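Got a protein chain on your screen and wondering how to read it? Let's go through it together, one question at a time.

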Amino acid sequence: MTEATAPIAASPRASNIARIGWAILILATLYVCYFSHLGAIGFVGPDEPRYAWIARDMAETGDWVTPRLYGKPWFEKPPLLYWGAALSFKLFGVSEASARLPSALSALLATLALGWLALRLYGAETARWMLLLLPTTVGMIGFSHAAATDMPFSGMLTIAMVCSAVVLGLARNEHTPILPRTPWVALLLFGFFLGLAVLAKGPAAIILSGGAIFFWALFTKRWRDAFHLLHPIAIASFCLTALPWYILCARRNPDFFRIFIIEHNFKRYLTPEFQHIQPFWFYVPVLLVAFLPWTAVLLWTGVAGLFRFGKLRKCSDGMGFLLCWLSFCVVFFSVSQSKLPGYILPAVPALALVLARACNSLASENAKSFGTTLLGFSLLVFYITLAERFRLQRSGAHDLSEFAIVMILLAVAFPGVILSLGFVFSRRGQVRSAALLLSLLPILLPLSGADRLVSDLGIVRNSPCKSAAELLDQRIPIDRLTTYNLGPSWRYGLNFYLGKELPPWSQDPSMDTYVISGIHLCIASQAMGFLCSDEYSADGLFVSHVTPKDSPGRLNESRQPH
């Protein structure tokens, strides 16, 4: 009796241990990919330092309604990111990590919500694949580590779409009551998170969610379910979340709607005024890069999915919902006259769930072709890596940034190799699960030591953060510092780290000032009507002391400490 029942008793215990192990792996993956080393590098690009300045201004002044950049109203984006970063500054101090924390939290919440939907739609295996594939993509890692509006917008919209799936009845399973009941909580949360998405980036959230649900209802003929999303509870929740800030900001700033709605929404979408012109197919390569190192999974799923659909001529309502979600996002932003990589981020979560489903079901049925595709893509990346390495050896270059590129290519190639071996050489689910686990290591290990890699490999050798610190160490008089021939990333970055808006150099020959420039000003200005002396130079930046031509003695004075 004991011998007969022992194996039966051992099975649930082994199952519980496996669940705990997967939960630990998922939590570790989410932490490493979204939260580790948020402040490993200084602010990058023009947007991060601008948004961080606005958030710092809100935290210092207590004005949570009107975003201000250098003391002037700034209506390019709504305030959700600014609010989150300002609260983070108050709690943890002003730093890059604090400014990026709202994006990391948005990524986490969206991933967990999508994992729950995957569990309800397709079961635990697909949810596990989704919770491990999505966080390890380049797109999610990169935007979760950026103090920008893209991830808060995508995260809030993703949660709203998950709630809409519940209202549409797509999340029902065997435990759902036969008699449908009004999903009050899902309606409330749908309106709330859709309102937060509108506060993150604007009315595009309404268009993206409404368009996806419209086409889903069109293809499935389930119009009655779609109209449930217009329930008074959802509408009231949305209005109470989104409208108060818009009304208050418009009352305090009469030109708010003209600048924000007309210029930064309609004109940005309909005209090339903002100079972000790209071809119609721009987001195809963007998505391929965003899903590294799982790009081969994306390519294989696209081809195999088309063959599957051509054979069956149908798909489930849940899969149709995901396809409408991602397709409408891609088409909507492809039509836009202004294109940036971050715009397509709302399509990434839906596409990740499609890939997770394909890995769990379609790939198991076509293991050979799936594994061969992954292996072939990885070998291609290995070939590119070796070619780059040999090029560096022949040229005798020892550039650390080039070496960093080689390391990144290897990190992209290894996961596909490991996962492909699990599918090609074994049909056992445990072996494939082990291959999935091992394929994460080339991603998680470099990310866990990202700060050391950034320092040792010199990935960011010069930055506004580093230059601002050196300017202060050199005791350059910041109150007399101006800029010349600097790009927007450097200007906004230096402004934030120095805590002051640096004015452009007026080139007035009668003005005694210091000029920071991307060119050697004292060489370029010999024919101009002023005298110039070099004060400091590093990493392609030059600080020059410009004095009136009638005071040549100033050039020979030794600069006193400031």
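Helices (H or I, at least four residues) and strands (E, at least two) are DSSP runs, numbered from the N terminus. Keep in mind that this is a predicted model, where local features need pLDDT of at least 70, side-chain atom pairs count only at pLDDT 80 or more, and totals for chains, interfaces and linings use all residues. Residues are numbered from 1 along each chain as its sequence is written, and side-chain values use heavy atoms, with hydrogens and water left out.

Q: Which helix gives the most to the nonpolar patch?
A: Patches are made of residues with over 30% relative accessible area and no salt bridge, with like charges joined within 9 Å and nonpolar side chains (Val, Leu, Ile, Met, Phe, Trp, Tyr) within 5 Å. The nonpolar patch here includes Phe214, Phe215 and Trp223. Helix H9 (204-220) and helix H10 (223-227) each supply at least two of its residues. The top giver, with four residues, is H9.

Q: Is isoleucine 235 buried, partly exposed or exposed?
A: This member of the patch sits in helix H11 (residues 232-252). Buried means under 20% relative accessible area, exposed means over 50%, and partly exposed is in between (1.4 Å probe, protein chains only). Isoleucine 235 has 41% relative accessibility, so it counts as partly exposed.

Q: What covers the buried residues of H9?
A: The buried residues of H9 include Leu208, Ile213 and Trp216. For the cover, look for contact, which is heavy atoms within 4.5 Å. You'll find that the cover includes helix H7 (150-167), helix H8 (184-201), H10 and helix H15 (317-335).

Q: Which residues touch the most other members of the largest nonpolar core?
A: A nonpolar core is a set of buried Ala, Val, Leu, Ile, Met, Phe, Trp, Tyr and Cys residues joined through side-chain atoms within 4.5 Å. The largest one holds 124 residues, and its largest share, 13 residues, comes from helix H16 (residues 347-365). Leaving aside neighbours within four places in sequence, phenylalanine 321 has contacts that include Met161, Ile213 and Trp216. The residues that touch the most other members are Phe321 and Trp325.

Q: How many residues apart are aspartate 150 and lysine 201?
A: A salt bridge is a side-chain nitrogen of Lys or Arg within 4 Å of a carboxyl oxygen of Asp or Glu. The structure holds 13 salt bridges, and in one of them aspartate 150 and lysine 201 meet at 2.6 Å, N to O. Aspartate 150 is in helix H7 and lysine 201 in helix H8, so to speak distant parts of the chain, and the pair that links them is 51 residues apart.

Q: Why does the pair of glutamate 365 and arginine 308 tie together separate parts of the sequence, and how many residues apart are they?
A: Glutamate 365 forms a salt bridge with arginine 308, with the closest N and O atoms 3.4 Å apart. Glutamate 365 lies in helix H16 and arginine 308 in helix H14 (residues 295-312), so the pair ties together parts whose separation in sequence is 57 residues.

Conventions. Areas by Shrake-Rupley, 256 points an atom, 1.4 Å probe, with all protein chains shown as cover.
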